[in-house]
Amino acid sequence: FLPLFDRSNQAPCPLNFFFDAMSSFTVEEVAKHNQADDCWLIVNAEVYDVTKFLKVHPGGKGVILPYAGKDATEVFYALHKGEVLAKYSKLKKGTLVGGKAKITDAQAEMVSEVPFAEPSWIRGGGWRSPYHNDSHRQFRDAVRKFLNETVVPELQDGEESGEYPSKEIYQAMGRSGLLASRIGNGCMPVVKHIPDIKMPAGVSPDNFDHFHEQIAHEEMGNLGYPGFVDGLGAGFCIGLPPVLHFGNPKVAQKVVPEVLLGDKRICLAISEPSAGSDVAGVQTYCTKAPDGSYIVNGIKKWITNGAFADYFVTVAKGPGKGMSLLLIERSEGLNTKQIKTSYSPAAGTALVTYDDVKVPAINLLGKENDGFKCVMANFNHERWFIVCQNLAGCRLVVKDCMLWCQQRKVFGKPLIEQPVIRNKLARMVGAVESAYSWLESITHQMNTMSYKEQNLKLGGPIALLKLQTTRSATLVSDEACQIFGGRAITKTGMGGNVERFQRTFKFGSILGGSEEIMADLGIRQAFRQMPQSARL
């Protein structure tokens, strides 16, 4: 009879009906197993033997025994995410005869049916978009599938352990085209000549637009583990564009392909202990050596991905009046140290020190003493990328709040029946959807403007969009915490996504330019177009 019990044997077995019959139970049969030494439960039309589990249940056996032999679906989902069932799948005995699952795993859906969990163009049900086509839908499906298969299994452990994402994950993202997708149009002429890069859904580099890139950023933000996700290329997204747009062709031909493939990693080093949004106040400086190379000294702080980067795009004062932007390879005199921040060390946030670091003259980005313009031009893309990822994080929190309000019961009825809760959800949804509509409008302008034109016209609008987005994130975090209560400040369990969001959403309010700077920049640029003769 041994072969009978070997389910790996693929040959048809005439007694398989024996297992099928034994894996289905009636309500009456389950009810017989209602003691501490013989305890079964029904959860979502599936039968579980939790007899041995009683001894190790974190809440003790006392909270389980009242449901021994009964259907515990409602109380289970009031306290746990559906993923817990997958974790303890070995406890499953079978299914309930005539039973039908009432609960779906909203976290596992490729396209969520939860209201406002997806942008309108993805939802279906008659919603249409003037910006998106089948290429964008197929691209999104391919990116989400890749992330679910390659990155999601690493998320929780990576976030909690603080270990940097492996080079293997970077290389997988590189060869799948995800890294190139997050840089966008600027790198597509290069991608065409790198045969090892296969773009998601087979999108041609010639047909790739800013909406494809926006989707890639959104899918990363939707993962819900901010530290590990930023470790997967936040520094890359803002560090590689200056090399593409301002680098010497010989340098770009070497650096860009190896970074896009994930073989090398790059970051942007602007901020310092004494200069954040005030870029003109940087103290790191460079001098000119007799052979024409640059000698860099100084310190940078809060450099995302700096702890493990191979290249550092660094702004420094000098060598004359002004400042210069340099591509610096990790080498003698350049050292990095991990900084402890509010989110996971997996992001590789670093203190970077430069002690007589020698940089070849060919590694100058843009013109000597004219690096400030390069930095300002790069800010548009950085801020737009932050908006994309931040709004996706907001939408994930809205989704969790929607689900929680439906399944959580207070005062004898679902939370959603409380008018004050519906008001909170309305404020959250209104903030996210309005900011997202503005984002789509800006992205459309990026599709129709040259890089030079974007720099001239979009700096102010993107700054104001970033301000609107981070203010929306503040509201979303605040309301979500009130909706989830204690679970919003608990790292594990039902409110995990909310807890991670409320602890890290302020990164977007500071990085790439503080809210105050964004507000001032946006209005100052608007007034440059103000008709001087205009009066009330």
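1. The open sheet has 5 strands in the order β1-β5-β4-β3-β2, and its pairing is mixed; strands here are DSSP runs of E with at least two residues, helices are runs of H or I with at least four residues, and both are numbered from the N terminus. Two strands are said to pair if DSSP finds at least two bridges between them. The edge strands are β1 (24-25) and β2 (34-35), each of which pairs on one side only. In general, the strands of a sheet pair through backbone hydrogen bonds, either parallel or antiparallel.

2. Please keep in mind that this is a predicted model, in which local features need pLDDT of at least 70 and side-chain atom pairs count only at pLDDT 80 or more, while totals for chains, interfaces and linings use all residues. Residues are numbered from 1 along each chain as its sequence is written, and side-chain values use heavy atoms, with hydrogens and water left out.

3. Within the sheet, strand β4 (residues 46-49) and strand β5 (residues 92-96) pair in the antiparallel sense over 3 bridges.

4. Helix α16 (residues 419-448) and helix α18 (residues 459-484) have axes that come within 9 Å and cross at roughly 160°, where axes are lines fitted to C-alpha atoms, for helices over the stretch in contact, and angles run from 0 to 180 degrees between N-to-C directions. The angle therefore makes α16 roughly antiparallel to α18 (under 35 degrees counts as roughly parallel, over 145 as roughly antiparallel, 65 to 115 as roughly perpendicular and the rest as oblique). The crossing of α16 past α18 is left-handed, a word used if the near helix is turned anticlockwise from the far one by less than a right angle, with right-handed used if clockwise. By class, the contact of α16 with α18 has 17 nonpolar, 5 polar and 3 charged residues (Ala, Val, Leu, Ile, Met, Phe, Trp, Tyr, Cys and Pro count as nonpolar, Asp, Glu, Lys and Arg as charged, and the others, Gly among them, as polar).

5. Helix α13 (residues 234-246) and helix α14 (residues 249-260) pack at an angle of about 155°, with their axes 10 Å apart, which means that α13 is roughly antiparallel to α14. The crossing of α13 and α14 is left-handed.

6. The structure holds 2 cavities of 30 Å³ or more. A cavity is a set of points, on a 1 Å grid over the protein atoms alone, where a 1.4 Å probe fits but cannot get out, and its lining residues have an atom within 4 Å of a point; grid points are joined across faces, edges and corners, and a volume is the space filled by probe spheres set on the points.

7. The largest cavity holds about 110 Å³ of space, and of the 13 residues that line it, the closest to its centre are Pro119, Glu218, Asn222, Ala392 and Arg395.

8. Two backbone details deserve a careful look. A cis peptide bond, with omega about 5°, joins glycine 318 and proline 319, and proline 319 lies in the loop between β9 (311-317) and β10 (323-329). Tryptophan 302, found in strand β8 (residues 294-303), has a positive phi of about 65° although it is not a glycine.

Technical notes
On a 1 Å grid over the protein atoms alone, a cavity is a set of points where a 1.4 Å probe fits but cannot get out, and a pocket is an open set with protein on both sides within 12 Å along at least five of seven lines; lining residues have an atom within 4 Å of a point.
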